[in-house]
Amino acid sequence: MRSKTIRTLPVIFALSSFLMLMPIKGIAQTETIAATLEKAQTADIQSDTKADTLANLLQYKSELEKQIKKVKNELKKTSHPMDKETLTLRLTDLIAQLNEVSQNFVKVATGMDLSVFNENSQHNFVWQEEIETLVRPLLQELKEMTKRPRQIERLKSRVAYFESRLPRAKEAVENISTLINEAKSPALKAELEVLKTEFEKRQINIDNQLDVAQFELAELTKDKQSFYESTKKVMAVFFKSRGKNILFAILAFAGVFFFFRFVDRLFKKSHPAFKSKERPFYVRLIEVMLLIFTVIAATSASLFTLYISGDWFLLSLAIIFIIGALWTAREGFTRYYEQVKLILNLGSVRENERIIYNGVPWQVERIALYAKLKNPALSPSRIRLPIGKLENIVSRPIGKSEPWFPCMIDDWVILSDGVRGKVISQSPDMVELIQRGGTYVTYQTSSFLSRNPKNLSRNFRLKSVFGIDYSHQAESTSTILAQAKEFISARLDEEGYTKHVLNLNVEFESAAASSLNIVIIADFHRDIAELYGRLQRALQRYSVDACTHYGWGIPFNQLVIHNPE
């Protein structure tokens, strides 16, 4: 206790000396300065004209100059070091106030900030300070939003701290009490009593601090809400205070953006160069520049709305978002450059040329932010792609008679996997067939094309081969061919197929190991493409009937075994 009192004496002595040595005039002058400053500030706020404000500033400036002069005189007369230090600090403060008042006087008189004429301030750019200025509103907002959780955490730490210290303080008091009971020396007992009193006060203080911390913690946590409710409340407060600014910023962006897009479309409709199939380069360049200008103007309008509303939090957030987006976009500069080349029709894909996309041929109708592709054989016939999808594709000129798809709706086709059916739907994604009997078969368009569809609806040919015995070798290339053609032609006529037959031939095909092969070649009109299978079977039937009618032997494979002699 005595040591503590001894340590505090120098501090008390220093404070007392400072108060005694400080001149009474100085105190009065300080009060006068504070009153004058308050008066000037009040006048600056309440005055309706610049003249009144300038008059108040001039009066305040004059009083400051008088105070500076008095302090300088006192500083010359004073010899005490502490007094000199005090007067020097006051002088520095008065000079700073005088400089600020002078700057404010000029600022009000000229209506502008003097820093624009300061060359050093124009060139002295510290990016750390600029970033700090930009980020500070965000940090303050986050700090305010997390104020309650931080207070709860701080109080929990205080409660834990005092709860851990309180038993130790009690233990100290008990230990001192034990020593007092055991001590025999009156002086020692007296010293221990003083020490016990000090620790009892410390124990009481810790106990009081613990009660206060627990009370504050209970007050903060008694209305504890769930995470969802807390989040909902924070968001409600956020949008209540800033929702209007966000809405106005979005409306400003959308309004400016769609206005310029409307102007763009109006310009395209009115100017003939935009309507032509082959658009010149300058037209494409105007479209790109107008698009860039539209985005910049809409973004600027949104930021200006936030600036006018004075919402520095949202403004800082928007600027940081834009900087982040630009920083991210720099990684894809090469890709964006290639996309701009495509829009200007200088890239690997050009308008009114042919490309293959997903295995399907397309005509490039228009290239802008999105590419419009057209295939007249599909339904729907047009698709829209992001321009980035065209980066690795190369286009070529369109041939005069190039087909866009191997079939049309209602055509009959045969695929390489043996499936035969009528096309009932073909789109950029799927092709659907219906087989005889009503079975539906669906393919992805690219898979359909990979099966090399054979279109029967543009006339078709059937070949049917039959063999006769070698005993008819003499007539196999002459008489039998004529008889077979006459017989098959008659049978086609009997069954009503003659009007659909475009051409009919019976020819000798080959001399096989056990037969002489004859081929029937029949070309049919597309009207009976549906009967492709039936006609194929009919030709085989006609062949057998002809052999039966004319007595031609039909050979079959024989296995000949030679016995050794």
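Rings of Phe, Tyr and Trp (its six-membered ring) count as a pair if their centres lie within 6.5 Å; planes under 30 degrees apart are called stacked, over 60 edge-to-face, and the rest tilted. By that rule, this structure holds twelve aromatic pairs. The model is predicted: local features need pLDDT of at least 70, side-chain atom pairs count only at pLDDT 80 or more, and totals for chains, interfaces and linings use all residues. Residues are numbered from 1 along each chain as its sequence is written, and side-chain values use heavy atoms, with hydrogens and water left out.

**Tyr161 and Phe162**
- The ring centres of Tyr161 and Phe162 are 5.4 Å apart and their planes meet at 70 degrees, so this pair is edge-to-face.
- Phe162 is buried (under 20% relative accessible area, with exposed over 50% and partly exposed in between; 1.4 Å probe, protein chains only), because its relative accessibility is 9%.
- Tyr161, at 43% relative accessibility, is partly exposed.

**Phe253 and its partners**
- Phe253 and Phe257 are a stacked pair, with 6.1 Å from centre to centre and 5 degrees between the planes.
- Both sit in helix 9 (residues 227–270), four residues apart, about one turn of the helix; helices are DSSP runs (H or I, at least four residues), numbered from the N terminus.
- Phe253 has a relative accessible area of 33% and is partly exposed, and Phe257 is partly exposed at 22%.
- Phe253, Phe257 and Phe258 are linked by ring pairs into a cluster.

**Charges over rings**
- Arg202 has its charged end over the ring of Phe199, 4.8 Å from the ring centre; this requires NZ of Lys or CZ of Arg within 6 Å of the ring centre and within 35 degrees of the ring normal.
- Arg354 lies over the face of Trp404, 4.6 Å from the ring centre.

Methods:
Helix = DSSP H or I, 4+ residues; strand = E, 2+ residues; numbered from the N terminus.
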